[in-house]
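Q: Could you take me on a close look at the sheet in this structure, strand by strand, along with what packs on it? I would like one connected account.

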Amino acid sequence: MGNLLMTGAISGLCIGLLLMGCARAAAPSYATHGAWSVACDNTLSCDARGFDEDSNTGAEVVFARAAGPAARGTVTLYAPLARTAVRVDDRMLVLPDAAWVYAGDGASLTTDRPAAVAAFIDALRHGAALHVGADAGPVPLDGMVAALSGIDDRQGRAGGRTALVQHGPRRTSAVPAAPVPPRPARRAYGDAFPGGAAPPDGAGTQDAGALHPRAALRPARRQDAAFPEKRCLWAG
């Protein structure tokens with residue numbers, strides 16, 4: 001009888017710990033707002049993106065941010081462009097050299113500087129379209145603020161100093177830490193990967209960019225912008 005009770009207690013403890021681990025993971029999500037979509041994976045790494053679905057030469061704008069109080073937001077413009085050609089409606093937009101960096105192929109421009117990201121959002125939030133040059137279609141801005149607000153809500157930034165759009169007085173320390181997804185038991189890979197070696201990239205994993213069904217509508221020449229290297233384990 002004593003052994004049975006002990007076994008039951010241990011089993012209950014293990015189940016409880018397992019459930020606690022599962023609770024730490026967040027539910028992935030995807031939503032659309034006008035011309036924009038927003039997706040978050042189960043670590044609450046999120047991206048919001050907008051592009052012109054009617055154009056094969058249109059630009060794409062991607063805001064990306066991991067969860068947690070210290071995580072910086074990034075914004076990337078995808079399209080062959082020149083800094084001097086970027087405008088919101090009829091207003092020229094200045095992208096300082098010190099903050100915005102070209103990718104090696106010259107097909108994108110990105111920044112993770114908090115001041116630059118904030119200035120970019122402020123410049124776009126009341127506009128109708130972002131133009132990056134005569135050779136690329138415009139990015140509609142309808143829904144951008146709602147998509148960024150969705151990131152603030154999911155990451156617990158709304159009403160705080162680190163919010164993208166829902167600014168408020170809450171301290172940075174009030175932002176929740178990034179969820180940690182439960183990892184599969186090692187024995188699931190033990191036979192094929194002796195010594196606890198990591199499974200191959202992509203095995204039982206997913207990334208935030210793959211949560212955007214509308215991404216298939218954009219031209220094939222564009223890479224998957226959101227978290228190309230960051231992959232996380234599903235809770236299932």
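A: Happy to. Let's begin with a term: a disulfide here is a pair of cysteine sulfur atoms within 2.5 Å. Keep in mind that this is a predicted model, where local features need pLDDT of at least 70, side-chain atom pairs count only at pLDDT 80 or more, and totals for chains, interfaces and linings use all residues. Residues are numbered from 1 along each chain as its sequence is written, and side-chain values use heavy atoms, with hydrogens and water left out.

A search of the whole structure finds one disulfide, and that link joins cysteine 40 to cysteine 46, with S to S at 2.0 Å. It is right-handed, with 110° about the S-S bond. Both cysteine 40 and cysteine 46 are buried (buried means under 20% relative accessible area, exposed over 50%, partly exposed in between, using a 1.4 Å probe and protein chains only).

Now to the sheet itself. Helices (H or I, at least four residues) and strands (E, at least two) are DSSP runs, numbered from the N terminus, and two strands pair if DSSP finds at least two bridges between them. Seven strands make an open sheet, ordered S1-S2-S3-S4-S5-S9-S8, with antiparallel pairing.

Four bridges then join S5 to S9, and here threonine 76 is partnered with threonine 110 in S9. S5 is mostly covered, as five of its six residues are buried.

For them, contact means heavy atoms within 4.5 Å, while axes are lines fitted to C-alpha atoms, for helices over the stretch in contact, with angles from 0 to 180 degrees between N-to-C directions. Helix H2 (residues 114–124) lies across S4, strand S5 (73–78) and strand S9 (108–111), running at about 60° to S5. Helix H3 (residues 144–154) lies across S1, strand S2 (36–40), S3 and S4, at about 15° to S2.

Finally, threonine 162 is found in the loop between H3 and helix H4 (187–190). Threonine 162 is buried, with a relative accessible area of 13%. Leaving aside residues up to four places away in sequence, threonine 162 touches Arg65, Pro69, Arg157, Thr172 and Val175.
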